[in-house]
Amino acid sequence: MLYLTRRETFNAGHRLFKPEWSDEENSRVYGKCSNPLWHGHNYILYVTVKGQLNPETGFVVNIKTLSKIIREHVIDKTDHMNINTQVDFMKGRIASSENLAMAIWDVLDPHIKFLGIELHCIKIVETENNHVEYYGN
Ligand code: NI
């Protein structure tokens, strides 16, 4: 089995908060990421897929095809957007990196299966110190 990773980046705004909590409660749980006037991150997204070598091409998958799928379904929808208010696949979810990783998995999984390979991991780097990895369950 071979594992192949594509890195993409997007800049996006967000706020971590639960509408049913007061600003004070949100601030206590989420700290600076709950700023009511928003803030942004330079997110890095790593998409790792797995599959067998295609002996005809020498690839698991053409990485340009993989990049195009990620851009069309994730980057074009998130880059320079507000994750809370403008990203359809994050509607109704708290705008955490955990939820972002799980939502991106759900968005990409069918497109990657269509290529005859499998999604292995979605990794979100929110800051240099904070990373989340999701393996599909
Ligand atoms: Ni934040």
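In what order do the elements of the chain run from the N terminus on? The order is β-α-β-α-β-α-α-β-β, comprising 4 helices and 5 strands. Helices (H or I, at least four residues) and strands (E, at least two) are DSSP runs, numbered from the N terminus. The structure is a predicted model, in which local features need pLDDT of at least 70, side-chain atom pairs count only at pLDDT 80 or more, and totals for chains, interfaces and linings use all residues. Residues are numbered from 1 along each chain as its sequence is written, and side-chain values use heavy atoms, with hydrogens and water left out.

The C-alpha trace spans about 60 × 25 × 25 Å along its principal axes. Of the 137 residues, 40% count as buried, where buried denotes under 20% relative accessible area, exposed over 50%, and partly exposed the range in between (1.4 Å probe, protein chains only). The chain exposes about 8100 Å², of which carbon and sulfur atoms supply 50%; accessible areas come from the Shrake-Rupley method with a 1.4 Å probe, and for residues only the protein chains shown count as cover. Among contacts (heavy atoms within 4.5 Å) with a separation of 6 or more, 65% are accounted for by residues 24 or more positions apart.

His73 lies in helix α2 (residues 63-78) and counts as buried because its relative accessibility is 15%. Leaving aside neighbours within four places in sequence, His73 is in contact with Phe89, Val107, Leu108 and His111. Val29, in helix α1 (residues 23-30), counts as partly exposed because its relative accessibility is 42%. The C-alpha atoms of Val29 and Lys18, 11 residues apart along the chain, are separated by 9.9 Å.
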